[in-house]
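Me: Got a model open here and want to talk through a few spots in it. Can you take my questions as they come?

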Amino acid sequence: MSAASSFKKRFSRKSLLNIYSDKIKHSGAIGLDRTRPSSLEKRLSEELEHIAVKVGQGEYRFTAYKEKLILKGASSCPRQISIPTARDRIVLRALCNCLADVFPSAKLSLPQMVIDSLKDALVSERYGEYAKIDLKNFYPSIPHDLIASATNKKIRKPELRRLITDALTTPTVPESKGGKGADRSTVGVPQGLAISNVLAEIALQSIDVAFEARPGIWYKRYVDDILILTPADEALPTAKELIGNLQALKLNPHGFGPDSKSKVASLTEPFSFLGYQIEDGNILIRQESILRFESSIAKIFTAYRHKLANARSRADKERAQAYCQWKLNLRITGCIFEGKRLGWAAYFSQITTTAQLRAVNHTIRKIAARFCPQGEIRPKSLIKTFYELQRGLSANHRYIPNLDELNVDQKRDVLAIWLGGDAKTLSDAEVERRFAIKVSKAVRELEEDIAQTS
């Protein structure tokens with residue numbers, strides 16, 4: 001689709017209204033203006049008119065993004081996440097859809113698909129070496145002129161170009177300081193925006209296309225992690241050529257050294273990629289990922305014990321038990337939400353042996369027995385979840401909850417875990433709103449289990 005056609009379609013009032021209803025309305029994220037997305041509905045007609053007019057004239061300006069810092073460990077700087085206002089989120093989602101129309105091949109692949117391709121490459125036995133290359137500080141270091149050069153090849157409409165530039169240069173600031181007088185960004189893609197991934201993919205498309213098409217090697221880049229498989233004695237020169245190309249784009253790949261994240265070695269040596277461990281031809285789960293998951297299970301039981309200690313009535317205890325059971329099983333099985341399979345087990349569904357899952361199952365049972373000696377909490381099984389996942393997304397899953405298929409009464413039952421009998425008095429619209437907020441938070445927690453997978 002041409003940029004002009006997509007621009008007209010994606011920024012129509014109907015399209016903007018659908019974005020608000022489907023993606024923004026029930027979100028709990030609040031930008032610098034402190035306006036809840038649901039509150040926007042009171043003046044939605046005026047807001048959508050403002051967006052349509054200003055974007056169409058090339059005069060739309062984003063409010064400064066609110067800064068959220070995510071800790072990555074004592075030895076690393078925190079990751080800066082940018083949170084836009086509710087109105088800006090509508091615009092950014094429409095812009096993301098537009099970019100996806102114009103650059104359909106820039107969609108970020110699912111990690112499971114990348115690992116599936118890696119499995120096929122390893123089985124082929126055509127490769128003897130691997131090269132891993134890590135890009136330093138990836139999103140914050142992407143040059144704006146690199147993005148402009150890549151997007152301008154297919155986008156000539158000035159209004160669309162200005163919108164991309166303004167989205168990139170809008171500053172991210174602490175809420176306590178506000179955006180007044182803040183310097184505009186001159187480099188980098190703000191993380192956390194609807195457009196962040198697609199712009200990063202567009203910027204590196206030329207390199208990805210060239211190396212993926214190169215005969216005799218296997219190449220995949222996932223965000224800032226790059227893995228190359230080559231025949232013997234070809235990994236180092238291939239990797240050095242790639243590093244040179246990346247540096248020519250003013251990106252910062254790690255060089256090779258004893259303590260570097262970049263490495264060249266024989267395929268007989270174990271290595272990790274996207275949270276998986278590749279060892280002796282098997283695709284395994286990295287031990288760090290297992291420990292992080294087991295820790296999250298223990299925290300659920302610890303929170304349960306705390307709630308029991310503070311319960312003032314039998315109803316409080318029953319609600320605490322129901323919540324622990326629901327949250328524990330959701331953590332184990334994951335769920336289907338917005339058409340996607342989510343959760344730790346889904347992420348690691350490409351493993352080639354279930355031995356690790358059986359060991360984690362055993363650990364979960366021991367934790368459950370320690371915290372619930374009467375057996376009041378019964379965890380689901382990672383093994384059964386794994387085999388359910390092999391049936392594919394289109395299968396009729398009962399073991400793995402499909403949150404997209406719940407009716408309003410079923411959503412009301414889930415809300416009762418938090419609200420008790422008060423859930424019965426809520427209107428259907430309020431049930432939908434609160435359920436969406438609760439589920440979004442639960443899904444974010446599922447994603448924390450697979451964070452820092454590289």
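Me: Is N329 buried or exposed?
Reply: N329 is buried, with a relative accessible area of 13%. Buried means under 20% relative accessible area, exposed over 50%, and partly exposed in between, with a 1.4 Å probe and protein chains only.

Me: And where does N329 lie?
Reply: In helix α13. Helices (H or I, at least four residues) and strands (E, at least two) are DSSP runs, numbered from the N terminus.

Me: What is N329 in contact with, leaving aside its neighbours within four places in sequence?
Reply: G334, R378, P379 and K380, where contact means heavy atoms within 4.5 Å. With K380 there is also a polar atom of the N329 side chain lying 2.9 Å from the backbone nitrogen of K380.

Me: Before I go on, what should I know about the model itself?
Reply: This is a predicted model, where local features need pLDDT of at least 70, side-chain atom pairs count only at pLDDT 80 or more, and totals for chains, interfaces and linings use all residues. Residues are numbered from 1 along each chain as its sequence is written, and side-chain values use heavy atoms, with hydrogens and water left out.

Me: OK, back to α13. How do the axes of α12 and α13 cross?
Reply: At roughly 175°, with the axes of α12 (residues 287-310) and α13 (residues 314-333) coming within 9 Å. Axes are lines fitted to C-alpha atoms, for helices over the stretch in contact, and angles run from 0 to 180 degrees between N-to-C directions. The two helices are therefore roughly antiparallel to each other; that label takes angles over 145 degrees, while under 35 is roughly parallel, 65 to 115 roughly perpendicular and the rest oblique.

Me: Which residues make the contact?
Reply: From α12, they include F293, I297, I300, F301 and Y304. On the α13 side, A320, Y323, C324, K327 and R331 are among them.

Me: What about I290, where is its place?
Reply: I290 is in helix α12. At 6% relative accessibility, I290 counts as buried. Not counting residues up to four places away in sequence, I290 touches I285, W344, Q356 and V360. I290 and W344 are 54 residues apart in sequence, yet 9.4 Å separates their C-alpha atoms.

Me: Switching to charges. How many salt bridges does the structure hold?
Reply: 26, counting a side-chain nitrogen of Lys or Arg within 4 Å of a carboxyl oxygen of Asp or Glu.

Me: Give me one that involves E47.
Reply: E47 pairs with R87, the closest N and O atoms being 3.1 Å apart. That links helix α3 to helix α4 (residues 86-102), with the partners 40 residues apart. E47 counts as buried at 9% relative accessibility, whereas R87 is partly exposed at 23%.

Me: And what does R412 meet in a salt bridge?
Reply: D428, at 2.7 Å, N to O. R412 is in α17 and D428 in α18 (residues 428-448), 16 residues apart. R412 counts as buried at 14% relative accessibility, and D428 is partly exposed at 45%.

Me: Tell me about α17 then. How many residues has it?
Reply: Helix α17 (residues 408-419) has 12 residues and reaches 15 Å from its first C-alpha to its last, close to the 16 Å expected at 1.5 Å a residue. The expected span is 1.5 Å times one less than the number of residues. V408, K411, R412, V414, L415 and I417 are buried there.

Me: What happens at the two ends?
Reply: At the start, a side-chain oxygen of N407 reaches to within 3.1 Å of the backbone nitrogen of D409. Just after the helix, G420 takes a positive phi of about 65°.

Me: Which residues other than glycine have a positive phi?
Reply: K250 is one of them, at about 70°, and D280 is another, with phi near 55°. Most residues other than glycine have a negative phi.

Me: Where do K250 and D280 lie?
Reply: K250 is in the loop between α11 (235-248) and β7 (263-266), and D280 is in the loop between β9 (276-279) and β10 (282-285). K250 counts as exposed at 55% relative accessibility, and D280 is exposed too, at 70%.

How values were computed. Polar contact = N/O pair within 3.5 Å; in protein donor to acceptor, adjacent residues only side chain to side chain.
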